[in-house]
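Good morning, colleagues. Please look at the sequence and the structure on the screen, and I shall then take you through them.

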Amino acid sequence: MFAMLARTTPLYRLIVALKPPILVTRQIDHFAETLAPDAQRILPAHQHITLGITDDWPDYPYALVKAMHRSFTGILADPFDLSLNQLSEGGRSAALRPAHALPPLRELQRKVALAMKRAGVGARPGWSFNPHQTLYYRDGAPATQRISGFHWRVEDFVLLCSHVGRTHHELLGRWPLRGSGQYSLF
């Protein structure tokens, strides 16, 4: 009886993420469908690149959300162009990744991690930043290939609350990238 209750108990997971524009999400979903028409794809509304993720919470973490809101307001970063131009298929999933390191992406993620720490929360145990956008889950041999890819200008990041197991992502905040605060006269 207790195990059954544990499965139906809601859990909440906070995710700091980059969300592609709607047109790009639709293109990515179509691409995923052509690769694996029978796979259960990640819903377009759930597509994202994780910059930070918390452990699961049994109660809605109101205080933590407020602390993260305050902390994220102080993040200064420049907008940048992002290309997901590599398809990686692992043993469990298929994902899009940047083919090359992107210093602005790494720097934004570093700032998010510091802001999360200031808010009193660390990353989910065992999680490390590995920029990717999951397309679907699968079983199969690993493979990697370059693709023409999907591109967009990253101009903000978001805080989401995943209602774990309920196929629901709640948008809790959006922060624009307005510059790094490093000004030059030239």
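**Two sheets and two residues**

Strand β4, residues 93-97, is joined to β5 by four bridges, and the two strands run antiparallel. Strands here are DSSP runs of E with at least two residues, helices are runs of H or I with at least four residues, and both are numbered from the N terminus. Two strands count as paired if DSSP finds at least two bridges between them. Within this pair, Ser-93 stands opposite Tyr-137 of β5.

Before I continue, a note on the source: this is a predicted model, in which local features need pLDDT of at least 70 and side-chain atom pairs count only at pLDDT 80 or more, while totals for chains, interfaces and linings use all residues. Residues are numbered from 1 along each chain as its sequence is written, and side-chain values use heavy atoms, with hydrogens and water left out.

The β4-β5 pair belongs to an open sheet of four strands, ordered β5-β4-β3-β6, with antiparallel pairing. Because β5 (133-137) and β6 (143-154) stand at the edges with a single partner strand each, one side of each is left without a neighbour in the sheet. On average, neighbouring strands in this sheet are turned by 25 degrees against each other, direction ignored. Such angles run from 0 to 180 degrees between N-to-C directions, and the axes are lines fitted to C-alpha atoms, for helices over the stretch in contact.

Beyond residues up to four places away in sequence, Asn-85 touches, among others, Arg-97, Pro-98 and Gln-145, where contact means heavy atoms within 4.5 Å.

I turn to the other sheet. This open sheet of four strands has the order β2-β1-β7-β8, again with antiparallel pairing. Its edges are β2 (49-57) and β8 (168-176), each with a single partner strand, so one side of each is left without a neighbour in the sheet. Strand β1 (residues 11-18) pairs with β2 over six bridges, and Val-16 stands opposite Gly-52 in β2. Helix α4 (residues 103-118) lies across β1, β2 and β7 (156-164), at about 25 degrees to β2.

Finally, Tyr-60 is found in the loop between β2 and α3 (62-72). Its side chain and that of Glu-170 are joined by a polar contact of 3.1 Å, meaning a pair of N or O atoms within 3.5 Å; within protein, one must be able to donate a hydrogen and the other to accept it, and residues adjacent in sequence count only if both atoms are side-chain atoms.
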